[in-house]
Amino acid sequence: MEFGSSYMLNRKQRCTPEEGESLFRHIDWFTVILYLLLVTAGVISIYAASYDFDNASIFSFNEFSGKQIRWIGLSLLLGLVLLIIDGRMYETYAYPIYLGMLVLLTVTIFVAPDIKGSRSWLVFGPMSLQPAEFAKFATALALAKLFSSYNFTLNSSARNYLKALLIIFIPIILILAQKETGSALAYLSLFFVLYREGMSGLVLFAAFVAVVIFVVAIKYTSTLILGIPSGEFTVMCMVMILMVVMLAFYVRRLEPARNVLLWFAATGIIEAILSNWNLHVNGYVYFLSVIGVAIIYCLFEMLRIKARRLMVTLLTVVLSIGFLFSVNLVFSNMMPHQQKRIKVALSIEDDPRDAGYNVNQSKIAIGSGGAVGKGFLKGTQTKLKYVPEQHTDFIFCTIGEEEGFLGTCAVVLLFLILILRIITLAERQPTVFGRVYAYCVASYLIFHFCINIGMVIGLCPVIGIPLPFFSYGGSSLWGFTFLLFILLRIDASRRSRHTM
Amino acid sequence: MRKDYNLEKRKYVIGGFIAIIAVIYVCRLFGLQIQDDKYKDYADNNAFLRKTVYPSRGMIYDRNDSLVVYNQPAYDVMMIPRDVHDFDTIDFCRTLSITPEEFDARISAMKNSASYSSYTPQTLITHLSAKDYGKLQEKLYRYPGFFIQKRILREYAYDAAANVLGNIREVSESDIKRDDYYKAGDYCGDLGIEKSFDKFLRGIKGNEILIRDARGRIRGRFEDGARDIAPVSGKDLKLSLDIKLQEYAESLMVNKIGAVVAIEPATGEILAMVSSPTYSPKLLVGRERGKNYRELVNDHYKPLFDRALMGAYPPGSTFKPSQGLIFLEEGIVNLSTAYPCYHGFINGRLRVGCHGHGSPIPLKPALQTSCNAYFCWGFKAMIDNKRSKYGNSANAFEVWKKHLVSLGYGYPLGVDLPAEGRGFIPNAKFYNKIYGENHWSANTIISVAIGQGEILATPLQIANLCATVANRGWFITPHVVKEIQDTVIDEQYRTQRHPTISAEHFNDIAEGMRMAVTGGTCRLANLPDIEVCGKTGTAQNPHGKDHSAFIGFAPYQNPRIAVCVYVENAGFGATYGVPIGSLVIEKYLKGYISPERKYLEERMLNSNTIIYSGVKKH
């Protein structure tokens, strides 16, 4: 009731011209311009990507570009509505919106038709929408609301962690149930937000180490060193280096680090000499025994100097080696086509026919663009449909082929500026709600940007997620428009918060 | 609100992370787009299908503008292996009316070829019929990676002159190496004028650049064909052959081994050039070519061997006119010099036989009666005369040889056909080697005086001598191509060649040859309305029965045709050489055979001398 009246009051206030003017004065126009640049470049790219030799008008709504223009028009309208709504509404209704979206996601699992194996599209007559895209802003609102609740700090209790993780993982599980793996993975990017709000950097570091171990272990299996695959050999060496560095970093005294380093160096030289004389010691035996001895030494040291922080190092080492072995175990138990898909993504295997076809063709499209591109509507790879999904997930190919290195750099730069701008907006928010929400927006964008462009240029596995603002499709465009314009609204009202 | 400045620093970690990713991506894009050139080629290979457009091969006409060789379209099924996806093989085979086994065999044959590449068009099936072409064209959209290449095959209006015309065949690896023009699967001329005039006939290949989408469908021409290159048709040729005369001469030579060459003396143009047994040029066209070609190669009568051009025969008595010319030129004899003949040339223990006629006789009657003794005595007088200008036999023989070479013997004449033979005229060194220096004399080698022994000549060379006599002292290098479209024929086929013998002596020889027809060995060639001149030849040979030869030209004044007939193992020159030669002359000059000579024609058409050749048919 109380809120309702203040809402009424606000609406009255907004009716005065001064208030309206101040709202539009406080909007971050820089971001709005970036948004407009991106969607305009996007619609031009979609036009180019779907341009046929039997060409149609850009305004024809049967063409993807025509439809996208309609989507853009509607999203501008939507953006305007989102700006007009009071910024505090979002905070107030964050949980209801989130819950509503969870219900929608659940319903979608059961009512959505099967489209290419995924049940994520709700069809309304000629229009179909993907709730997973809209759940993004809802999850961001809920997470922001959680963090802004009174006296909430992430590190104060495990319950708080659990709450945050629940908010993130419920939509992930629901979207996975819709068989939209790519969209579900996007929510993992919210760990950036947790990190910003106090989660230990070690978690991100561990994730990074895990990815490196995974890639190295799987990528280099063809040659053997000391009777073990060169990938595993490299990982073992990296673990040793990591151990020495972490010991030096976490323990005030340098002796443990020095001793372990000397131990590793000495045994390494002996091992090298032995293998030079053809006295082969198996790599597993060598590494496990040498690292094992180092760990036992550290444990003694820990008891002696009471450096509990040594534990982190030892855990890291043990977990890394454990992870390495489990990766091998899991990978060797995978189906061949799954193995292949992963290997193609890591460009270990070149298979232009089957799993690698998409990436191969998209690399050809981008690579053939050269410095300045083939010219607008002159890209053969895209015009002749060599690149699959070229107006949606692979839209970046069209830019690469027709606008060349200049075009691709411009797009990368635009995204970089947008993301950095949003981080700036986040940090200038007076409220936790605003900051957390803004970081959520930045995180989603970082994930989509990295994965989409990464897969198109052959650096990431092919995960079917769109390039924000560029890819054809109303859901993605609207989803990101929601995210961005709610942020703009919250940002625009930060001053009024102060004054009120 | 509470602000944790330690945590705020983490914005740099997040911002730095995305900035590093952006830098990595820009580096990767730099590598793909700027550093690496191969992607441009990949994209072009994807999008552009470069199709060769074959020019129409030049037509071939005879001297009377009858079309002899023309083109028929043929369709080859091509495939680009890289672009072929799974398809309904059974339906494909049914469309082309081949069995799946045949299809597999063709695929493996294609893959084993040296020029195989999965990126370029490969020939799968050649020479599709128009019906199969139509059926396949309709279904082609179902078979990405396949397309139809239009090609040109030859069609022959007459079953004649296969040896002169030649044929076309698919190029071999060595052709491709030798000539940049050719690519695997192209056709080039083989044998005859198809080979020697290939560069004129083949034209210039064009190409068109088509745009092809990911499913292999053709979506149009690149830049609306602005970069296409139109093919340039090959040049038409006009032959000097009279295809009707050629056909007629071939029919006379049926069941005989040998050759007929007819030349227009004034121009050196070959009117007919028969090598017998011959074959139909239509055998070497299309899908059956390979099989037929192998059969012709294995044929014991060697039909692919052009006897008119490559056969090396002893000229026999047809050599005597050239002997007379040399004796006159060298002053060994004059027209009243007479030599005795007692049924032959008898000198010591040496004896060369002759037939019954008056004795002693001078040159013209000697030609008329083909007196062996006269030419033996003449030869002996030239070679063995120690007090003569030559000094010794070897020098005299070299002079003798020089005259013969100037008359066209001993070396290829330079006809515009491939693989011309050279015959053989020995020189003094040759005999020095066999008998030792100064250990030989005229008697040792007396048989060369009458065109036997080591002397060998091609029917073309013999015909050319006849043409030289007809011209009374000069000839133009014989040739079969009279005109090339938009081009002038080579100068050597337009310039007179003068032998080292004065023109005045040729009249006497011509007169002798005229006498041979009116009252000598060639009386069968004596036509009531045409003054024919001739000389028979009966050449002994180691292969069996004598070869029957004849040279003749007509009319006596302003001759229009000079003929050489050579029939292997057919006996006297008068039995086969003269009838065939005179019939060819009569047919050419009159266009028909007079009724009183029909029996002769009949006899020639139906006779068979191949049975004397000693060659067994398979």
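## Helix α13 of chain A

In helix α13 of chain A, the residues A:Pro256, A:Ala257 and A:Val260 are buried. They lie on the same side of α13(A), because the arc they cover around the axis is only 95°. These values, like those that follow, come from a predicted model.

Helix α13(A) runs over residues 255-276, which gives 22 residues. From the first C-alpha to the last, α13(A) reaches 31 Å, close to the 32 Å expected at 1.5 Å a residue. After α13(A) comes A:Asn278, which has a positive phi near 65°.

## Overall composition of the two chains

Chain A has 500 residues, of which 43% are buried. Its secondary structure consists of 22 helices and 4 strands. Of the contacts in chain A between residues at least 6 apart in sequence, 67% join residues at least 24 apart.

Chain B has 618 residues, and buried residues make up 44% of them. Its secondary structure comes to 22 helices and 20 strands. For contacts in chain B with a separation of 6 or more, 71% are accounted for by residues 24 or more positions apart.

## The interface between chains A and B

On the chain B side, 32 residues are in contact with 39 residues of chain A. Five elements of chain B each supply at least two residues of this side: α1 (5-8), α2 (10-35), α3 (38-47), β8 (206-212) and β9 (218-221). Helix α2(B) gives the most, with 16 residues. By residue class, the side of chain B that touches chain A divides into 19 nonpolar, 4 polar and 9 charged residues.

## The three-stranded sheet of chain B

Strands β8 and β9 of chain B, which contribute to the side that touches chain A, also belong to an open sheet of 3 strands in the order β1-β8-β9, with antiparallel pairing. The edge strands are β1 (48-53) and β9 of chain B, each of which pairs on one side only. Neighbouring strands of this sheet are turned by 35° against each other on average, direction ignored.

The antiparallel strands β1(B) and β8(B) are joined by 6 bridges. Within this part of chain B, B:Arg50 stands opposite B:Ile209 in β8(B).

## Strand β3 of chain B and its partners

Strand β3 (residues 67-79) of chain B pairs with strand β2 (residues 60-61) of chain B in the antiparallel sense, over 2 bridges. B:Ile60 stands opposite B:Val69 in β3(B). The strands β2(B) and β3(B) form a hairpin with 5 residues between them, and B:Asp65 in the turn has a positive phi of about 65°.

Strand β3(B) is also joined by 11 bridges to strand β5 (residues 146-156) of chain B, and these two strands run antiparallel. Here B:Val77 has B:Ile148 in β5(B) as its bridge partner. A further antiparallel pairing links β3(B) to strand β4 (residues 122-128) of chain B over 4 bridges; B:Met78 stands opposite B:Thr123 in β4(B).

## The five-stranded sheet of chain B

An open sheet of 5 strands in chain B has the order β12-β11-β20-β19-β18, and its pairing is antiparallel. The edges are formed by β12 (269-276) and β18 (533-541) of chain B; each has a single partner strand, so one side of each is left without a neighbour in the sheet. On average, neighbouring strands of this sheet are turned by 10° against each other, direction ignored.

Within this sheet, strand β19 (residues 544-554) and strand β20 (residues 561-567) of chain B run antiparallel and are joined by 7 bridges. One of the residues involved is B:Ser548, whose bridge partner in β20(B) is B:Val567. Helix α19 (residues 459-470) of chain B lies across β11 (258-264), β19 and β20 of chain B. The angle at which α19(B) runs to β20(B) is about 150°.

Key:
Residues numbered from 1 in each chain as written. Chains lettered and ligands numbered in written order. Predicted model: local features only at pLDDT ≥ 70, side-chain atom pairs only at ≥ 80, totals over all residues. Pairing = 2+ DSSP bridges. Axes fitted to C-alpha atoms, helices over the stretch in contact; angles between N-to-C directions. Contact = placed C-beta atoms within 7 Å. Nonpolar A, V, L, I, M, F, W, Y, C, P; charged D, E, K, R; others polar. Expected span 1.5 Å × (residues − 1). Buried ≥ 20, exposed ≤ 12 C-beta atoms within 10 Å, placed from the backbone. Arc of directions from axis to C-beta.
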